[in-house]
Amino acid sequence: MTALLSILVLVFIFVAIWQMVKIFDLTQSKTAESNSQVANDQDNKINGYLMLGFLIFIYVITIMCFVMFGDFPLMSNSASEHGPGIDNLMIISMIVIFFVQTVTQFLLHYFAFKYRGEKGKKALFYADNNKLEAIWTIIPVIVLAGLIIQGLFTWTTIMNVSTENDPLVIELYAQQFNWKARYGGEDNTLGKANVRLIDIDRANILGLDESDPNAQDDVITAELHLPVGRPVLFKMRSQDVLHSAYMPHFRAQMNCVPGMITQFGFTPTVTTVDMRETPEMIDKVQNINEIRIEKSKALVAKGEEGLERYEFDYLLLCNKICGKSHYNMQMKIIVETQEEYDAWMETQKAFKDSLN
Amino acid sequence: MSAHVEAHANDDHGHHHKETFVTKYIFSQDHKMIAKQYLVTGTIMGVIGVMMSLMMRMQIAWPEQPNVIFQALLGKWAPEGVMDADIYLALVTIHGTIMVFFVLTAGLSGTFSNLLIPLQIGARDMASGFLNMVSYWLFFISSVIMVLSFFVEAGPAAAGWTIYPPLSALPMAQGGSGAGMTMWLASMAIFIASSLLGSLNYIVTVINLRTKGMSMTRLPLTIWAFFVTAIIGVISFPVLLSAALLLIMDRSFGTSFFLSDIFIQGDVLHYQGGSPVLFEHLFTVLRTSVSLYCIITCIRYYF
Ligand SMILES: [Cu+2]
């Protein structure tokens, strides 16, 4: 309430100053000529050149951005089979947008400069030109239709999940604010589950149906391990609010909706170890670590603990606002060889053994 | 006698009866004054919205660093000057709401449609000056409720400007989904009523009050743009109103339009059979048309 009151006071002070400035203005006598509100040639000329100046300004800013931030690691190093398709779409769209933006901004500002107001200059009455209008309608239609058709084809190939190639079935379970993964176990079949069956006392945290034979060998983990090269079919579930399973390195995202099961399938192609050794990833990690070392120095000087070294890992993130700790809702993904995966799976407990 | 009639006919509107300060500046039915009222209110809301986005950017640029500005403006939401995670989401939410609805939709459309439609089609005023006044004052009330919602105990709405349930429907999911969200919904319901009255007025004016010889095909492109945006508004805002009403029912009267199978903070809730996707669909209708609305708004400045 005090905040509201102090803001009100500030507003009133502002109004008072504004009124005083107005009164001051009224007391000043005006010389009619120089104070005229009608723009003359000189004013129009200044504005015309300012237009050109602004055009140069945005071009310089664009070039600077390309030089300073112009590499797009997230557009070239996808780690899934369908990833390059999405990256392609992104790159084509960027090139088209960038080209159109450069040309139209030039035309807009140049015409504003060229046809600025001048005494005696008369506007040309130009009703219409069908040919010109046809051209600038048809070209965007073709370009946009091309983009949309390519997008549709990419979309259908990505979303068309088949169970014929024996995918590994994994459930991603979202809750405020963490993820759990559930593997189908020996039979690769997930048991039935519903939030109404959750029994915290018996450690049945995902609400599995304890009487369902398929559920007995399910494996629940807090880390997502995927064998490289094997198709994965994710079944998503949420227990409280909307979440979104976002795996940026695999170009994958799907909403997790309470009350229904959504799905997404992809095939990881690069193991975590291989990804860490790509030159661009080495660069990126080194860059992050240099920043961390700098920051650690300041922290240590203050008597606090320094930051840990950063190491690259694939991540599953939440991409839909879901509450206070949404920003930190993540799970580590590890892509590894089939042998490593099998060895890790050996160490995990089946559902029936994990109950209290 | 005839000269007297002549003089009277040439007389501009607005001079026939005496106007008091209240009827001229506050409860005005004159389209130019209402346009100015929209401009001032929309600008103030715009300043608030931009300040919020500045605070968001400051938090991103210096994450979790103390800042006197946060301390001054956010009060208890910035203990020792460090921005709280909840208030960051609230800033995102309210900034989006203000910019999309109060600035782009009402501020721009209310100002320029009211000012230019009668002037450019040769009408004396809008079709109904009274409804026009009601439209502005409903907009004003909804702005006041939205601004007041910043000051409630558990914080303003923080579920994103799309207010997807269940996050926006369950007070236990987030502090902002309590009284803050109730005020957000009340403000939006009033805003939609205001926007509908305004749009209907624009449409009727353009169709009925064009001056002699001003056929639809001769309308300036600006007016065509206002006309089309008004139609889009009339089609899409009732959809948002229905979504908001259903959400109010879910929140306050225990219905399950958008909620099903929810386990939160150790309890299973009674909601069964609803679907959050229904809300997403309803909201998408509005979202698409608001983007159209904004595109046409931008394009018309080039005409
Ligand atoms: Cu989440």
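**View 1. Charged side chains of chain B in the predicted model.** Chain B carries 13 positive and 15 negative side chains, and the centres of these two sets are 17 Å apart. Lys and Arg count as positive and Asp and Glu as negative, whereas His and the chain ends are not counted; each charge is placed at NZ of Lys, CZ of Arg, CG of Asp or CD of Glu. This is a predicted model in which local features need pLDDT of at least 70 and side-chain atom pairs count only at pLDDT 80 or more, while totals for chains, interfaces and linings use all residues; side-chain values use heavy atoms, without hydrogens and water. Residues are numbered from 1 along each chain as its sequence is written, and chains are lettered from A and ligands numbered from 1 in the order in which they are written.

**View 2. Overall build of chain B.** Nine helices and two strands form the secondary structure of chain B, in the order α-α-α-α-α-α-α-α-β-β-α from the N terminus. Helices (H or I, at least four residues) and strands (E, at least two) are DSSP runs, numbered from the N terminus. Along the principal axes, the C-alpha atoms of chain B fill a box of roughly 85 × 50 × 35 Å. Of the 303 residues in chain B, 49% are buried, where buried means under 20% relative accessible area, exposed over 50%, and partly exposed in between (1.4 Å probe, protein chains only). Among contacts in chain B with a separation of 6 or more, 71% involve residues 24 or more positions apart, a contact being heavy atoms within 4.5 Å.

**View 3. The copper site of chain A.** The copper ion has as protein donors A:His243 (ND1), A:Cys318 (SG), A:Cys322 (SG) and A:Met329 (SD), at 2.0 to 2.5 Å. Donors are N, O and S atoms within 2.8 Å of the metal (3.2 Å for Na, K and Ca); water is not among the atoms, so sites may look incomplete. The arrangement is tetrahedral because the four donor atoms subtend angles of 95 to 121° around the copper ion; four donors count as tetrahedral if all angles lie between 85 and 135 degrees. The donor residues follow the sequence spacing H-x74-C-x3-C-x6-M. A:Cys318 lies in strand E9 (residues 314-318) of chain A, and A:Met329 lies in the loop between E9 and strand E10 (330-336), 11 residues apart. Both A:Cys318 and A:Met329 are buried.

**View 4. The loop between H6 and H7 of chain B.** This loop, between helix H6 (129-148) and helix H7 (179-208), holds B:Pro166, which is joined to B:Pro165 by a cis peptide bond with omega of about 5°. B:Ile163 is in the loop between H6 and H7 as well; although not a glycine, B:Ile163 has a positive phi of about 35°, and its relative accessibility of 2% makes it buried. B:Gln174, also located in this loop, is buried with a relative accessible area of 4%. Leaving aside residues up to four places away in sequence, B:Gln174 touches A:Gly323, B:Asp86, B:Leu89, B:Ala158, B:Ala159 and B:Leu167.

**View 5. Backbone features in two strand-to-strand loops.** In chain A, the peptide bond from A:Gln176 to A:Phe177 is cis, with omega near -5°; A:Phe177 lies in the loop between strand E1 (168-175) and strand E2 (178-183). In chain B, B:Gln265 occupies the loop between strand E1 (263-264) and strand E2 (267-268). B:Gln265, a residue other than glycine, has a positive phi near 50° and counts as exposed at 61% relative accessibility.

Methods:
Four donors count as tetrahedral if all angles lie between 85 and 135 degrees; four count as square planar and six as octahedral if opposite donors are over 155 degrees apart and all others between 65 and 115; anything else is irregular.
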